[in-house]
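Please walk me through this structure. I am new to it and want to know what stands behind each term.

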Amino acid sequence: MEESGKNVLFWMKAIVYYKYGGPEVLTLVDVPKPIPKDNEVLIKVEATTVTSGDVRLRASDFPPLVWLPARFIFGLFRPRKRVLGHEFSGVVEGIGNFVTRFKKGDKVFGTTTMLRSGAHAEYISVPEKWKQGVIAKKPKNMTFTESACLPIGGMTALFLLERAGIKKGQNLLVYGASGSVGSFAIQLGKHFEAKVTGVCSAVNLNMVKSLGAHSTLDYTKEDFRELEPVFDVFLDAVGKVSKKEAKKVLRRTGKFVSVKMITQEKGSHLKIVKQLAEQGELKPFIDKVYSFQDIPNAHEYVDTGRKRGNVVVQVGTKS
């Protein structure tokens, strides 16, 4: 982001941050438009999201035990990845010489995990295939706005449920059921024919029921720890529950999984998420949609902790 401007053919708009802090550190600037390498796909971004991961990176808000290791990865004194945006949908504008899976005009969605730049920009260039992230053609029945919400929350929920070995007929408890991961976990639990209980605040009970939860619990009035130990899987979708606490409501052979665990993005998982979306079994709950210029306001809203489902940013002109 510190290009001098020499030898730059084209420019684009991006939301950049040069230091850690609140939403005010985010700035709309002109930066060089990326040129795809031989193995890369150039994408005109139509939509992206602001996730809890985005605001955590912006603020460098990591738990004490992982704060220093996280700073070494993402930038000790200032951020290395200065354009946030972990997921996207858009249109392929160009491809590198070695790209075989995509062509110009393809409508795609995916992630920017561990890349140098994110999707809070008019264009991004991503590898056709890389170890940490994924890209695929977007669901045919979904808009760019809807497709941009699917990768991170959908794949995280699927990864955790598979890790827990979810099975038909099991009892699944989703803590933090109204967030992005939680809302997808409820729908995936229904897909796997589990009996789902969603834990959230009173204002979100109807939302969680509409997503497919068999029962709900208002955590402001009831303590989940006082429930009977009848659950086979406990999925903590917000990273606020310990394994010890979860064991109180799990069967002896029950499994605890949490977003605090290390997850892995897989092309096979994105394929499943896409298929379920096209079959109507998986649909993102969209809380708010912001314009590209309003990304700082979107961060401010996500910072409140009241986000329901997904917060989308409309970058391009296509919905």
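The questions below take up a salt bridge, a sheet and a charged patch.

This is a predicted model, where local features need pLDDT of at least 70, side-chain atom pairs count only at pLDDT 80 or more, and totals for chains, interfaces and linings use all residues. Residues are numbered from 1 along each chain as its sequence is written, and side-chain values use heavy atoms, with hydrogens and water left out.

Q: Why is the contact of K168 with E193 called a salt bridge?
A: The term needs a side-chain nitrogen of Lys or Arg within 4 Å of a carboxyl oxygen of Asp or Glu.

Q: What does the pair K168 and E193 tie together?
A: K168 sits in the loop between α4 and β8, and E193 in the loop between α5 (180–191) and β9 (195–200), so parts 25 residues apart in sequence are joined. The whole structure has 10 salt bridges.

Q: How do you know that β8 pairs with β11?
A: Two strands pair if DSSP finds at least two bridges between them. Four bridges join β8 to β11 (residues 231–236), so they count as paired. L172 has V233 in β11 as its bridge partner.

Q: What makes β10 and β12 edge strands?
A: The open sheet runs β10-β9-β8-β11-β12, with parallel pairing. β10 (215–218) and β12 (250–258) each pair on one side only.

Q: Which residues gather in a patch of positive charge on the surface?
A: They are K167, K243, K247 and K255. Patch residues have over 30% relative accessible area and no salt bridge, with like charges joined within 9 Å. Lys counts as positive. K167 lies in the loop between α4 (150–163) and β8 (171–175).

Technical notes: Patches are made of residues with over 30% relative accessible area and no salt bridge: like charges are joined within 9 Å, nonpolar side chains (Val, Leu, Ile, Met, Phe, Trp, Tyr) within 5 Å. Accessible areas come from the Shrake-Rupley method with a 1.4 Å probe; for residues, only the protein chains shown count as cover. The place of a charge is taken as NZ of Lys, CZ of Arg, CG of Asp or CD of Glu. Helices (H or I, at least four residues) and strands (E, at least two) are DSSP runs, numbered from the N terminus.
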